[in-house]
Amino acid sequence: MICKTPHLGSSTYHCSECGNTLSVYNTCKSRFCNSCGVKYAKQRSLNIESKLLNCNHRHLVFTIPDKLWPLFLEDRKRLNFMFKAVNLTISSWFKEQYKNENYKPGFILTLHTFGRDDKWNVHIHSLYSEIALGNSKSKKFDFIPFDMLRKRFQKILLDLLEKDIGKEKFRKLKNWVYSTSNNGFYVRAKKHEFPDVRKGISYILRYCGRPCFASYRIINIDNSNFISFWYQRHEDDKFVVEKIHIFEFIARLIRHIPDRHFKTIRYYGFYASHSHSLYNTCRLLIDKIKLPFYKSLNKWRNLLILYFNFDPLKCPYCGSIMKFEYG
Ligand SMILES: [Zn+2]
Ligand SMILES: [Zn+2]
């Protein structure tokens, strides 16, 4: 709320021709801010694009039963288990399949902590390359057996949780999980295969790094501090209106702010190893040379020029370019 207000200070620009000065309030740089968060997400998708290969990628969602969700709120460090479990699931399968050539796919995982209704809902989105790279060869593949993924993911995650929580304490919940989901955890493949990897990236980043609540969904805030907002329910696509106290509303939102230094996007397989010789010879989605240029387009001044054809640093009195003075 203090973004672009005097609270965060300002930067001053000076025109050396006519002496005009311009003060620009600083932004908050918070991922949770509706304005800075969107900019941050853009920056991040550029970073991802600069690492991904220019090939087909597939999108998988790894979900867990809702009864397990509170365990991750109880101790947020456990969120790391989600990454670990998905990574082990995919990597161990590849290892078994291709023992000799050591084929690895490249994949990125992003953790989401909410669904459409902003409630706590822990799941992982993954985007994996349809080529695997070996020591000296590459291999196209487009099939990973689902049954295997589901069961393997379930076992690995439950084992990690059990180790952390303790056998005794976790037994009841673990038994419940095994008795209700014998087919493993639900792993969803998104039908749309992204013909364009960029679309895939922006899709999985849609909820990640940008604020989880778009302000246009707020319908009303009344005098007794109750807020009404709408969301589209996941189960049946119905529009639902909910009315809760603003304190509860804020409490629901801030749970989704990642802990300091917690990485919500992680790279695995050949995307994780910068020294993979074959990977280094493949064509990337964004050329390394173009990256700084694309990034520069996301800067405040350039965004205004790009979208509004307005240069904020051009002196309105004499037309010279104002220089940064202090801030
Ligand atoms: Zn001037
Ligand atoms: Zn901001």
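Helices (H or I, at least four residues) and strands (E, at least two) are DSSP runs that are numbered from the N terminus. The model shown in these views is predicted, so that local features need pLDDT of at least 70 and side-chain atom pairs count only at pLDDT 80 or more, while totals for chains, interfaces and linings use all residues. Residues are numbered from 1 along each chain as its sequence is written, chains are lettered from A and ligands numbered from 1 in the order in which they are written, and side-chain values use heavy atoms, with hydrogens and water left out.

**View 1**
The protein chain has 10 helices and 12 strands, and its C-alpha trace spans about 75 × 60 × 35 Å along the principal axes. Of its 327 residues, 44% are buried, where buried means under 20% relative accessible area, exposed means over 50%, and partly exposed lies in between (1.4 Å probe, protein chains only). The chain is divided into domain 1 (1–36 + 286–327), domain 2 (51–212 + 256–285) and domain 3 (220–254), with bounds that come from an automatic or database domain assignment. Between the C-alpha centres of domain 1 and domain 2 there is a distance of 38 Å.

**View 2. The site of the zinc ion (ligand 1).**
Cys-15 (SG), Cys-18 (SG), Cys-315 (SG) and Cys-318 (SG) coordinate the zinc ion (ligand 1) at 2.3 Å. Donors here are N, O and S atoms within 2.8 Å of the metal (3.2 Å for Na, K and Ca), and since water is not among the atoms, sites may look incomplete. The arrangement is tetrahedral because the four donor atoms subtend angles of 97 to 119° around the zinc ion (ligand 1); four donors count as tetrahedral if all angles lie between 85 and 135 degrees, four count as square planar and six as octahedral if opposite donors are over 155 degrees apart and all others between 65 and 115, and anything else is irregular. Along the sequence, the donor residues of this ion are spaced C-x2-C-x296-C-x2-C. Cys-15 lies in the loop between β1 and β2 and Cys-315 in the loop between α10 and β12 (323–326), so the pair ties together parts that are 300 residues apart in sequence. Cys-15 counts as buried because its relative accessibility is 0%, and Cys-315 counts as buried at 3%.

**View 3. The site of the zinc ion (ligand 2).**
The zinc ion (ligand 2) is coordinated at 2.3 Å by the SG atoms of Cys-3, Cys-28, Cys-33 and Cys-36. This site is tetrahedral, with angles of 105 to 113° among the four donor atoms, and its donors follow the spacing C-x24-C-x4-C-x2-C along the chain. Cys-33 is buried because its relative accessibility is 14%, and Cys-36 is likewise buried, with a relative accessible area of 10%.

**View 4. The second largest pocket.**
The second largest pocket has a volume of about 820 Å³, and among the 28 residues that line it, Thr-27, Lys-29, Lys-39, Asn-298 and Trp-300 are the closest to its centre. On a 1 Å grid over the protein atoms alone, a cavity is a set of points where a 1.4 Å probe fits but cannot get out, and a pocket is an open set with protein on both sides within 12 Å along at least five of seven lines, while lining residues have an atom within 4 Å of a point. Grid points are joined across faces, edges and corners, and a volume is the space filled by probe spheres set on the points. At least two lining residues come from each of β1 (10–14), β2 (21–25), α1 (36–49), α9 (291–297) and α10 (300–308).

**View 5. Two residues with positive phi.**
Most residues other than glycine have a negative phi. Lys-29, however, has a positive phi near 60°; Lys-29 is placed in the loop between β2 and α1 and counts as exposed at 63% relative accessibility. Asn-309, which is not a glycine either, has a positive phi of about 55°, lies in the loop between α10 and β12 and is exposed, with a relative accessible area of 71%.
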